[in-house]
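Me: Please show me the structure, and then let us go through it by question and answer.

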Amino acid sequence: MPILVRKLLFFVSNQYIMLSGSQRTGKYLISKNLDNFFIDIRELTRFTLQFFKEVFVPPYELQETIRQCYKLGYKSLFLITSTAFITGMVFTDHSRPSLASFGATSWLPSFTGVAVIKALAPLITSLICAGKIGSNIGAEIGSMKVTEQIDAMEVSAINPFKYLVVTRVLATTFMVPLLVIYSGLIGLLGSFIDVHRNDQTSFTVFMYDAFSKIGYVEILSSLIRSVFFGFTIGIIGCYKGFTTTKGTEGVGRAANSSVVTIMFLIFLEEILLVKFFNPFYYG
Amino acid sequence: MKNTKHDKVVVIKDLYKSFEDNEVLKGLGLELYKGENIIVLGRSGSGKSVLIKIIIGLLKPDSGTVEVLAEKIHELDKKELIKLRLKIGFLFQHSALYDSMTVRENVEFPLVRNMRNMSKSKINQAVEEVLDAVGLTDTIDQYPAELSGGQEKRVGIARTLILKPELILYDEPTSGLDPVTCEEINKLIMKVKERYKTSSIIITHDLACAKQTGDRILMLSEGKFLRQGNFEEVFDTDDERVTGFYNYNFIESNEN
């Protein structure tokens, strides 16, 4: 099935590009933007397929992958900690009046537990990572592209795709789920502080209630979604960086375009994956 | 001693390359012999950089053949191309140093990635040797942003030397440098040739560089080689395209 989809996508985009002849003649079938959109889809598909081709072939850049995990993951901890904590606290605070209006404030721990673990932690963490990591990758690789550092790797008999792209995509795919777990726990901590301040609920009781409505399916769904989000952050950031043109202006555009595209795709994936996981939640 | 067919390091025949409607190279031919430095002279935009990017396999020609170290570079698969590139050094116009790495890391990078079983002490020894050859041992722990233009070029040359190439391609080695530093880089190019027994193609529009470092000069204009020979032979002509280039560069270098 994926091969069929891939072939269909290539066929459609190739036919479109052939008909429009946009690159050669400057004439477009519908519009310049639509032509470029199809070209982008085709190139991004190629780029992603190349990742899967390169990732299993030695030599493996383990040391560089670990360095990227540290750089992209560990160095995002402060931002993730502060935003997750504030999100948990503010969400609980805003939810309180609605639940209080029908005397259900005791539901706050389980309510926020479900919200944080199922929705807020994966989505907000991924969006923050899109801004911080996605733009970082896009700008870094983009600047390497325009200053010929990528060409320099290639002529030194080094595979720049393996060294720059495979390592970063693996790092984001591995680190974003870990950051999501961490952000979920910190979000719950923020929520606990708000609940404890108002209702004097103990930590043990809060956590027991918070996890009472969360099963393996909910946790697994969040983790699987965040693997997709992490992969998207890495591959789009690298693709935008690798396709940077027009000097320093292009680097800025690559960083900006990385963030916008990643965020759009994360929302799109969220809709599709939530639809996919819904039958598992409710049997 | 006369060079034979077996001594040919680069052989280019009937090379064409265009970008959209702009025909950059129009049927070029070139032969580089072992131990020889050839200069490709030409104005900006004449296709000099395109030529060496085709030689290293970064660009594909539209037609024609390019043989490097007896291998047709554009017919090689990925593995063969990597193997061949280990024998070729390339100095970029703006050096293209990795700005997140120190001088040591920049220089050892090709070695570490390509000779994975090499011990740390051997790598350090090789790095120190090439940095010594380019006269830059004292900057080993600095970052590219802390180096001058001339020092950056030297590190670039050291990085190409670390894999002990048989052929070095220099893209505008003296561009953007003051005359004194240009002179130092020219001397360094000659020193590298003597010490490492390399053959080189030097792309430049700098006449002093051409005169000092070239055994043979090829004048590129409008996608073709107009003239070739030694410095005096190339410029002993009434062709306005050649005399114009000479006069323009002569005035420019005097102004500097």
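Me: What percentage of the 283 residues of chain A count as buried?
Reply: A residue is buried if 20 or more other C-beta atoms lie within 10 Å of its own, exposed if 12 or fewer, and partly exposed in between, with C-beta atoms placed from the backbone. By that count, the buried share of the 283 residues of chain A is 40%.

Me: What kind of model is this, and how are residues and chains labelled?
Reply: Residues are numbered from 1 along each chain as its sequence is written, while chains are lettered from A and ligands numbered from 1 in the order in which they are written. Local features need pLDDT of at least 70, side-chain atom pairs count only at pLDDT 80 or more, and totals for chains, interfaces and linings use all residues, since the model is predicted.

Me: What is the mean pLDDT of chain B?
Reply: pLDDT is the predictor's confidence in each residue, from 0 to 100. In chain B, 95% of the residues reach 70 or more. The mean pLDDT of chain B is 87.

Me: How many helices and strands are there in chain A?
Reply: Helices (H or I, at least four residues) and strands (E, at least two) are DSSP runs, numbered from the N terminus. Along the sequence, chain A reads α-α-α-α-α-α-α-α-α-α-α. The count for chain A is 11 helices and 0 strands.

Me: Are H6(A) and H9(A) parallel or oblique to each other?
Reply: Axes are lines fitted to C-alpha atoms, for helices over the stretch in contact, and angles run from 0 to 180 degrees between N-to-C directions. The axes of H6 (residues 108-146) and H9 (residues 203-210) of chain A come within 7 Å and cross at roughly 55°. Angles under 35 degrees count as roughly parallel, over 145 as roughly antiparallel, 65 to 115 as roughly perpendicular and the rest as oblique. H6(A) and H9(A) are therefore oblique.

Me: Which residues in H9(A) does H6(A) meet?
Reply: Two residues are in contact if their C-beta atoms, placed from the backbone, lie within 7 Å. From H6(A) come A:Pro109, A:Ser110, A:Thr112 and A:Gly113. Their partners in H9(A) are A:Phe206, A:Asp209 and A:Ala210.

Me: Which helix of chain A gives the most to the side that touches chain B?
Reply: In the contact between the chains, 12 residues of chain A meet 15 residues of chain B. The largest contribution on the side of chain A is 5 residues, from helix H7 (residues 149-155).

Me: Where is A:Pro59 found, and what is the omega of the peptide bond from A:Pro58?
Reply: A:Pro59 is in the loop between helix H3 (32-55) and helix H4 (62-73) of chain A. Most residues other than glycine have a negative phi, and most peptide bonds are trans. The bond from A:Pro58 to A:Pro59 is cis, with omega near 5°.

Me: Is A:Lys246 buried or exposed?
Reply: A:Lys246 lies in the loop between helix H10 (216-242) and helix H11 (247-281) of chain A. Its phi is near 65°, a positive value in a residue other than glycine. With 10 other C-beta atoms within 10 Å, A:Lys246 is exposed.

Me: What does B:Glu222 count as, with 14 C-beta neighbours inside 10 Å?
Reply: B:Glu222 is in the loop between strand E9 (216-221) and strand E10 (224-229) of chain B. Although B:Glu222 is not a glycine, it has a positive phi of about 50°. With 14 C-beta neighbours inside 10 Å, B:Glu222 counts as partly exposed.
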